[in-house]
Every structure is written in C-alpha cells, then in structure tokens.
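Here is a short tour of the fold, meant to be read with the viewer open. Take it section by section and follow along as you go.

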Amino acid sequence: MNAVTDPRHFAVPEPGFATLASGTRLPYATSGAGERLLFVHGSLCDYRYWDRQTAVLSNEFQCVSLSLSHYWPLGEDNADSVFSVATHVAELAEFIVAMDLAPVHLVGHSRGACVAFQLAQTHPVLVKTLTLADPGGPLQADGNEEAALPPATVALRAQVAGLIQSGAIEAGLELFVDSVSMPGIWRKSPASFRTMATANAATLPKQFRDPLPAYTRAAAAALRCPVLLIEGERSPRNYRDNVATLAGWIGHVDKRSIAGASHGMNVTHAAAFNRLLEAFLAQTPLHH
C-alpha cells in the first residue's frame, strides 16, 4: 500500500462473487479477454487496489482481481474461515479452479506476494508465471533459524493493533502505512486510498497474529514457472532484501526495480509497473 496520485483510481467497479466448494464467497472484478492475469492484494487492500493495472492490461489479458476472505466488501460477513496465509492460499487455489482460470499469470504484492509464492509452490499446475512485487515475509537462510522480527517492529505492530482495536483507526493506519512505505505517506494519500484502508483496518490485528511463512532456498528453487521480481527503489530495506535474495535462489527469474518508487509502486508508478509486467509476459515462452 502507498500513496496514490490519482483519486479516480479507486472508482468502485461492480464485483462478481465466486462461491467456493468450502462455502466461502470471494468478491472479484474481471475485465478483458485472453490469457488469465490474476492479481492478489496485500495488507489493508482489496480487489480495487489493482484498478490501474486492470484498466490497461485488460486490453491484452483477461484481468481478474479478487478480495481475499475478511477483506472488503464482505469483510466479517464472509469470515467463517480463520484469517491466515494458509487459508488464503487454499481459497486462492479454490478460486482459480472454480472460475476455470488455470493456468494463470499470478501477480501478488507485499503480503499478497507471499500468498502467491505459496500457491505457486504448492499448486504449480495452477500457475503459468509468477510476479512478486515487494514480497513480504521473512527469509530463512540455509542452516539458520528463521529471521525474527526486529523488536521495534513487534512493538510497532502491538501499538497499531491496540489503536485499531480501541477505535483510533486512523492513528493506527497512519502508523502502519508510514512504517511499511515511508514517513508521511498516509497523510499524502487521497481520501480514496484512506477509505479503502479504513474499510480493511479490522484485518490488521488478525494479520499480526498470523506470521508470514519464511522463504527458503529450497522452496524458491523448486518453483517451476518463470518469475518476475519487482522492488521499489525506495521501498523499506526488508522488501528489497527479499527481492535480492529470492533473485539468487530462483532459477528462472527476472529482477527489476522501479526508480523513485516505494512500496506501493503499482499505484504510484503504475505506468512503469505495467510496462515491466507486459514485457515479462511477452518474453516468456508460455505467452501466446
């Protein structure tokens, strides 16, 4: 998530609803025709986060963006399942099968990139290519313990959760969004972005109770599909470190950086992001 520059970005498209075999209903938006390009949002976001991608790339692809369970617009009305990465990976796989989309060009951002990585690892037949933008989650180097969250991050998350649960939602969101992008980003964001984040604020305390799984060399090397890694040049170091390390672990990989961009590069630098994605998909031998 990050500041956006065009308030029209979050004009709300009319969603469809996919009912999974588990009974979960997932909201989604789709446009265009062609090979399937599926977008997975990260923290505080939902299917609307990708509008600046789908508006352009739907000229060449069938673009599908979905809201994972617990997120807007259904929120807690669709919350029978436990909020976890494992749940979201399972329902993403169910969604792809239920919508007859496989194999998809899968694109994930931040926490959504971690979900996408796990899906590509555990359900390789469903994924044609994988794009990870500022992938969130810890790294686990060979023979070492999984890197623990820094104490300052743990303390900040506890403060954010406390603010949100006490009703000080905007203060909690400002603290969190600025911490994962850069100071002052929340206040520079247009009302449209803040509205989306506020609608999904209740997911943050749940997210903090479900640590992201670590990336390992073995899991990364086992990926069968071509992978595009995108970082924001000004993104926090943990995201850039993840991109650099995964680039060394993954066999079929293309690593790119977007100049001047921070964590929400697909929104603030949408044209550059879209060009990278188009070029990657055009060069893969699986694209036709």
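## Helix H10

In this predicted model, the buried residues of helix H10 are Tyr239, Asn242, Val243, Leu246 and Trp249, where buried means under 20% relative accessible area, exposed over 50%, and partly exposed in between, with a 1.4 Å probe and protein chains only. Looking down the axis of H10, these buried residues fall within an arc of 130 degrees, so they line one face of the helix; the arc is taken from the directions from the helix axis to the C-beta atoms. Arg237 and Gly248, on the other side of H10, are exposed. An α-helix has 3.6 residues a turn, so residues three or four places apart point the same way.

The length of H10 works out too: its 13 residues (237–249) should span 18 Å at 1.5 Å a residue, and the end C-alpha atoms are 18 Å apart, which agrees. The expected span is 1.5 Å times one less than the number of residues. Helices (H or I, at least four residues) and strands (E, at least two) are DSSP runs, numbered from the N terminus.

Strands S9 (residues 227–232) and S10 (residues 253–258) run parallel and are joined by 6 bridges; strands pair if DSSP finds at least two bridges between them. Gly232 stands opposite Ile258 in S10. From S9 the chain crosses through H10 to S10, a right-handed β-α-β crossover.

Strands S1 (residues 16–19) and S2 (residues 25–31) run antiparallel, with 4 bridges joining them. Ala18 faces Leu26 in S2, and in the hairpin, which has 5 residues between the strands, Gly23 takes a positive phi near 100 degrees.

## Nonpolar cores

Which residues have the most contacts inside the largest nonpolar core? They are Phe95, Leu106 and Leu130, in a core of 43 residues. Helix H3 (residues 111–122) gives the most to this core, with 7 residues. A nonpolar core is a set of buried Ala, Val, Leu, Ile, Met, Phe, Trp, Tyr and Cys residues joined through side-chain atoms within 4.5 Å.

Apart from this core lies another, of 38 residues, including Leu57, Ala161, Ile185 and Val267.

## How to read the values

Residues are numbered from 1 along each chain as its sequence is written. Local features need pLDDT of at least 70 and side-chain atom pairs count only at pLDDT 80 or more, while totals for chains, interfaces and linings use all residues, and side-chain values use heavy atoms, with hydrogens and water left out.

Notes
A crossover is right-handed if, with the strands pointing away from the viewer, the path from the first strand over the helix to the second runs clockwise.
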